[in-house]
Structures are given as C-alpha cells and as structure tokens.
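Q: I have a new model open and would like to learn how to read it feature by feature. Could you walk me through it?

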Amino acid sequence: MSLEKRALCVDLDGTLLRTDVLYESFLALLAKNPLYVFLIPFWLLKGKAALKRELAQRVALPPESLPYDERVLQILRTTSQRPRVLCTASDELLVAPIAEHLGLFEEVMCSNGRQNLAGHRKAEALVARFGEKGFDYLGNGSVDLDVWRHAASAMVVNGPAALSRRARDVVEVTDVLPPATAGLRTWVKALRIYQWMKNLLVLVPLFTAHRILDPEAGVQAIIAFLAFGLCASGVYVLNDLLDLTPDRMHPRKRNRPFAAGRIPILHGLLAAPLLTIGGLAIAFACSWQFAAVLAGYYTMTLSYSLKLKRIVMIDVILLAALYTVRIIGGSVAIGAEMSFWLLAFSMFIFLSLALLKRFAELESAKLSGKQTAIGRGYNVSDLSLIQSLGTSAGYIAVMVLALYINSPASLVLYHHPQVLWLLCPVLLYWISRVWLVAHRGHMHDDPIVFAVTDRASQIVGAVGVLVVLGAI
C-alpha cells in the first residue's frame with residue numbers, strides 16, 4: 001500500500017501527550033474528593049475499561065491546558081493528505097474533547113467502558129479497520145509492540161533506547177523522537193529545594209533560647225531541618241500532582257515540571273511517599289517526640305493539599321499554623337521550652353504572610369482579567385478585605401513583640417532588653433512595605449521567597465540581627 005493511502009495512527013498517552021490521561025483523571029478525582037480512593041478497587045474489579053469510564057464520568061481535563069508533544073503535533077500538521085487517526089486506550093469521554101480541540105484527526109478510536117483498547121486489542125481493531133500493514137503507528141511503550149507487528153512502519157516517541165531496538169525487530173522504524181530526560185535541575189525544581197528556606201524556622205528556637213553555641217542542640221536542629229525538608233518536598237510533589245489542572249491555567253505555575261510534563265506522573269507518585277518516609281526516618285534519629293510533631297505537620301499539610309486550601313480563611317489560618325509548627329518542631333528537637341511570646345508572634349506574623357500570598361494570587365488573577373484565583377475560594381472582590389486583615393495581623397505581631405519586650409521574660413535572656421524596642425519600627429516598616437509592594441502588583445506568589453531575595457528585606461533582616469546582638 002502506498003504511503004498516501006496508509007493511515008497515520010497516533011497513540012495519546014506518552015506520545016501525543018507528555019502525560020498519561022489515566023493518571024491525570026485519577027489525581028483529578030482525588031483532588032475533587034479523596035474518599036473516592038476507596039472506590040477505585042471496586043471499579044478495577046470490573047476491568048480496566050470500566051475503571052477508566054468511572055473516572056472519566058467524574059472528572060474533566062481541559063484539553064487546552066494539557067502538555068502536548070510539539071514534535072508530534074508538527075508531524076500531524078504536515079501530513080494532512082493522509083488519514084490521521086487518534087488511537088488510544090484512554091476513555092472516549094476524555095479523548096473526544098482532546099481530538100475536537102486539536103482538529104487534526106479524521107477518526108478517533110479509543111476505549112469505551114467495555115473494551116480497553118490497548119495492546120493486541122488495539123492491533124486487532126487497527127487491522128480490522130485498515131488491513132494488515134495498512135497503517136503507520138506512533139507509540140511510546142512496550143505495549144505498542146503488539147501494534148507495530150501489524151503496522152507498515154513505526155515511529156518511537158518518548159520511548160527508551162531499548163524499546164527502539166525491540167521495535168526494529170518487528171517493524172521498520174522510520175524515526176525515533178527521544179524523550180526529554182528530567183535532569184537534576186528539573187528534579188530540584190520539582191522538589192522545590194528553594195522552599196527549604198522556610199524550614200530554617202526550626203532553627204529559630206536555637207537562637208531565641210541562646211543555645212547557638214551548644215553543639216548537641218545544633219546537631220539536633222540540623223537533623224530537624226533535614227527531616228522537615230524531605231517531608232515538605234514529599235508534600236510539594238503530591239500537591240503538584242493534585243493541582244495539575246489549576247497549575248496549567250496559572251501563568252507561572254504551568255511551567256512546574258509535572259504540569260509541563262517534564263517529569264512523568266508515575267515518577268512523582270513514587271517520589272512523594274519515599275521522600276515522606278525518608279523525612280520521618282530521619283526525625284526518629286532526633287527523638288520520637290520530634291517525629292510526632294513532624295507527623296502532625298505532614299497530616300496538616302496533606303489535609304491542606306487535599307481539601308482545606310479551597311476553603312476560605314481556613315486555608316490561611318492553616319498556612320500560618322504550618323509555619324508555627326516548624327518553630328514548635330525546632331523547640332522539641334533541641335529540648336527547649338516553648339515560648340508563649342514566640343508562638344503568639346509567629347502565629348500573627350505568618351497569618352499576615354499567608355493573607356499576603358492570597359492577595360498576590362488574587363492580584364495576579366485580576367491583572368489577567370479573571371474574577372477568581374484558580375483552585376481557591378476567593379474572588380477579586382475580596383482584595384480589599386484580605387489586605388485589611390493581613391495588615392492588621394502584621395501590626396498585631398508587632399504589638400506582641402512590644403509586649404514581650406516589656407515583660408519579665410525578656411529580662412531573663414537579655415541584659416539590655418530596651419534595645420529591642422528598635423525592632424518595632426523596623427518590623428513596622430517591613431510589614432508596611434511588603435503589603436505596599438503587593439498592592440502595586442509586584443509581589444512574588446510566595447512572600448517568603450520574596451523576603452529572602454528582596455534587597456530591602458535583606459537589609460531589614462541584617463538590622464534586626466544587629467539589634468538583637470546589641471540587646472544581648
């Protein structure tokens with residue numbers, strides 16, 4: 001059969017898409033309601049096709065936001081003279097919108113809730129439709145070998161080198177499009193190592209208790225920092241997997257490795273629990289009490305990722321609590337008594353920063369012409385209220401600091417506590433400035449990252465350290 005008459009058949013998952021629709025729909029369902037996880041085994045008992053249909057009936061994957069392989073799209077665009085067929089094992093309820101969005105296929109063949117169109121079943125369907133050697137096929141996995149045995153030619157897309165060698169044993173391979181490998185930089189971004197700076201909060205009790213020169217306490221604090229870092233990275237990976245659709249519709253978050261398809265979803269599903277288990281294992285090396293605090297932190301963060309981040313005000317209160325738990329964890333790790341003043345101050349200052357984070361997201365949505373922040377429960381009309389609540393929380397934190405300076409507790413740790421009064425105007429300036437920056441639309445999505453990278457904030461931090469040293 002001549003090339004012009006042969007159908008060009010393209011697989012979806014891992015070939016046309018740099019992701020897998022089954023994993024995508026599974027994660028979208030969990031993000032919608034985590035309790036669905038208990039129904040998955042029962043759906044799977046009916047067969048894989050039935051499972052895919054159950055998932056597809058309950059979720060929607062916006063086709064315009066999915067990560068397509070531009071190389072495959074270019075092939076489809078330049079072969080309009082041939083019948084182009086999207087042939088996939090994904091369910092038709094999710095495949096049809098994708099095909100309609102692209103407008104590049106004359107025909108679609110997919111699973112229908114009764115038959116899972118994969119492997120030999122896909123091969124039989126293609127042979128029945130186009131005849132033996134009557135089609136060319138683009139695929140990416142070993143399951144596609146069954147199809148390639150009956151194809152006129154093959155193109156291996158995003159497959160390992162071993163797959164290309166095996167494909168050449170059964171069919172003529174006309175081209176190989178290698179996968180984009182996820183290097184160290186990509187994984188560093190996925191694990192959000194830069195976010196580990198938040199875990200420096202576990203070192204705060206080391207300084208406030210004036211035990212910075214205590215080597216044993218220092219070692220315990222470092223262990224606590226590493227444990228929180230690994231656990232936090234595990235949660236970040238899970239959060240990114242659950243937020244694939246909202247992230248892809250965000251101007252910056254769409255470039256995250258999982259949302260952009262640079263790291264396979266399956267790798268993320270394996271990495272998330274391994275990182276968490278590693279963090280908890282290190283925590284036990286510190287003490288079981290600290291491990292209990294870390295487990296509590298993970299439970300809170302998981303609850304936030306699965307549900308609570310979508311509930312207005314609960315989300316920001318929980319964010320503030322998560323920062324405070326890091327300080328509690330640092331106290332427990334070094335065996336220091338938890339300070340009422342430190343906990344009260346941290347709760348209000350971090351509530352202000354959590355509200356600032358939501359304000360920045362809403363401001364970004366407003367500038368994009370949207371009325372809501374995707375994946376959140378806030379509207380653009382809430383901006384003025386959030387700003388009022390956030391600045392108030394920040395100023396209350398300064399008041400807590402002032403009350404502490406004037407309390408007997410400060411006399412125990414500082415020879416010149418009156419010097420600490422200089423912290424109040426410095427902190428008032430910083431809180432006012434970051435809210436002004438946010439009001440002007442220049443705030444980073446994460447105010448902690450902004451604070452670390454902003455020159456004025458760095459100067460404020462240095463001045464604060466000098467003031468504390470002068471008070472000692």
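A: Gladly; we can begin with residue classes. Ala, Val, Leu, Ile, Met, Phe, Trp, Tyr, Cys and Pro count as nonpolar, Asp, Glu, Lys and Arg as charged, and the others, Gly among them, as polar. By that rule, the residues lining the second largest cavity divide into four nonpolar, two polar and two charged. This is a predicted model, in which local features need pLDDT of at least 70 and side-chain atom pairs count only at pLDDT 80 or more, while totals for chains, interfaces and linings use all residues. Residues are numbered from 1 along each chain as its sequence is written, and side-chain values use heavy atoms, with hydrogens and water left out.

Q: What is a cavity, and which residues line the second largest cavity?

A: On a 1 Å grid over the protein atoms alone, a cavity is a set of points where a 1.4 Å probe fits but cannot get out, and a pocket is an open set with protein on both sides within 12 Å along at least five of seven lines; lining residues have an atom within 4 Å of a point. Grid points are joined across faces, edges and corners, and a volume is the space filled by probe spheres set on the points. Here a search of the whole structure gives two cavities of 30 Å³ or more. The second largest cavity has a volume of about 40 Å³, and its lining is made of V21, L22, S25, K52, L55, S90, D91 and L94.

Q: Which element gives the most to the lining of the second largest cavity?

A: Helices (H or I, at least four residues) and strands (E, at least two) are DSSP runs, numbered from the N terminus. At least two lining residues each come from α1 (21–32), α3 (48–56) and β2 (84–91). Of these, α1 gives the most, with three residues.

Q: And the pockets: what volume does the largest pocket have?

A: The largest pocket has a volume of about 2,100 Å³. It is lined by 50 residues, of which V204, T208, L342, F345 and V468 are the closest to its centre. Helix α21 gives the most to this lining, with nine residues. The lining of the largest pocket divides into 39 nonpolar, nine polar and two charged residues.

Q: How many residues line the second largest pocket?

A: The second largest pocket holds about 1,100 Å³ of space. Its lining has 39 residues, and those closest to its centre are D13, G14, T19, D20 and N140. Two or more lining residues each come from α1, α3, β2 and α13 (265–286). This lining divides into 16 nonpolar, 14 polar and nine charged residues.

Q: How should I read aromatic pairs?

A: Rings of Phe, Tyr and Trp (its six-membered ring) pair if their centres lie within 6.5 Å; planes under 30 degrees apart count as stacked, over 60 as edge-to-face and the rest as tilted. The whole structure has ten aromatic pairs. In one of them, F228 and Y297 have ring centres 5.0 Å apart and planes at 70 degrees, so the pair is edge-to-face. F228 lies in helix α11 (residues 215–242) and Y297 in helix α14 (residues 288–306), so the pair ties together parts 69 residues apart in sequence. Together with F290, these two residues form one aromatic cluster.

Q: Is F228 buried or exposed?

A: Buried means under 20% relative accessible area, exposed over 50%, partly exposed in between (1.4 Å probe, protein chains only). F228 counts as buried because its relative accessibility is 0%. Y297, at 2%, counts as buried too. For another pair, Y323 and F350 have ring centres 4.8 Å apart and planes at 25 degrees, so this pair is stacked. Y323 sits in helix α15 (residues 314–334) and F350 in helix α16 (residues 340–367), 27 residues apart. Both Y323 and F350 are buried.

Q: Which side chain does R248 join through a polar contact?

A: A polar contact is a pair of N or O atoms within 3.5 Å; within protein, one must be able to donate a hydrogen and the other to accept it, and residues adjacent in sequence count only if both atoms are side-chain atoms. R248, in helix α12 (residues 244–248), has a polar contact of 2.6 Å with the side chain of E24. R248 counts as buried, at 6% relative accessibility.
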